[in-house]
Amino acid sequence: MLSEARQSKIVNLVNENRSMTIQMLMKELDTSESTIRRDLNELDAQGRIEKVYGGAIAKDITFSRRDESVNFRKEQNKDSKIAIAKYAASLINDDDFVYLDAGTTTELMIPFIMAKNATFVTNGFSHARKLSEAGFLTYILGGEIKFPTEAVVGEEAILTLFKYHFTKGFWGSNGVTPSGGFSTPDVKEALVKQMSMNRTRERYVLCDATKFSQISCVTFADFSDATVITSSLGDDSQGYRSYNNVIEVKD
């Protein structure tokens, strides 16, 4: 295949799927890694796609490389987050053993949880305090404290997760795309999200509609690995409503 035709194919694939990894492009085009990398560099320089670590994303996708502070994120899209949190909390039953990921939307679930006999494990230290104050049996993971997201991360947290089997779990995500999955900027936090999700039977990712068509540095789960609870998708130009694992909650 001539380079021009191959690069046009790359652009089409990236735009159709919103993001593509180098490995995916190698398979689709039956060509070498070095060729794909060279093409991505040229296409990025031409402004036709955006080259990111390990692949490329469509130009209209936002790529985030760092976490904002909790205090900043608490005020963003607050009404949408409350609606999502209220719906998510209604899914918890008395006999559930629940993993609650650190994050502003998962934290907003706590006042709405009616299942008083549910048990919780969390890596959010503010979550642990609020759950305990509300009378829930609560366990917090040990490990390194990550201040910007008020999360416990690191090897000790991951090792602790091996002993648990959760009935339900709720996670936040910085970015959501069908091809890029659920992503976050920090490797350590991504690994805790990934391990906790692997130990859970029913998985829910909570994110307002602004997180769609965004991608961060590290994918912690495939798009099909969890049910997404989100706010109103508006005109939904990217067709997220067509996916059967997306629940749209009206603000």
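Reply: Tyr204 stands opposite Thr227 in β16. The strands in question are β13 (residues 200-206) and β16 (residues 227-230), which pair in the parallel sense over 3 bridges. Pairing here requires at least two DSSP bridges between two strands. Strands are DSSP E runs of at least two residues, helices are H or I runs of at least four, and both are numbered from the N terminus.

This is a predicted model, so local features need pLDDT of at least 70 and side-chain atom pairs pLDDT 80 or more, while totals for chains, interfaces and linings use all residues. Residues are numbered from 1 along each chain as its sequence is written, and side-chain values use heavy atoms, without hydrogens or water.

Thr230 has Glu248 of β17 as its bridge partner.

In general, strands of a sheet pair through backbone hydrogen bonds, either parallel or antiparallel.

Contact means heavy atoms within 4.5 Å. Axes are fitted to C-alpha atoms, for helices over the stretch in contact, and angles between N-to-C directions run from 0 to 180 degrees.

The helices also meet one another. Take α1 (residues 3-17) and α2 (residues 22-29) to begin with: their axes come within 11 Å and cross at roughly 125 degrees. They are therefore oblique to each other. For that wording, angles under 35 degrees count as roughly parallel, over 145 as roughly antiparallel, 65 to 115 as roughly perpendicular and the rest as oblique. On the α1 side, Arg6, Lys9, Ile10 and Leu13 make the contact; on the α2 side, Leu25, Glu28 and Leu29 do. By class, that is 4 nonpolar, no polar and 3 charged residues. Ala, Val, Leu, Ile, Met, Phe, Trp, Tyr, Cys and Pro count as nonpolar, Asp, Glu, Lys and Arg as charged, and the others, Gly among them, as polar.

Next, α2 against α3. Their axes are 9 Å apart, at an angle of about 110 degrees. α2 and α3 are therefore roughly perpendicular. Ile22, Leu25, Met26 and Leu29 of α2 meet Glu33, Ile36, Arg37 and Leu40 of α3. This contact has 6 nonpolar, no polar and 2 charged residues.

Glu33 and Arg37 have a link of their own. Their side chains form a salt bridge, 2.8 Å from N to O. The criterion is a side-chain nitrogen of Lys or Arg within 4 Å of a carboxyl oxygen of Asp or Glu. Glu33 and Arg37 are 4 residues apart in α3, so about one helical turn separates them. The structure holds 11 salt bridges.
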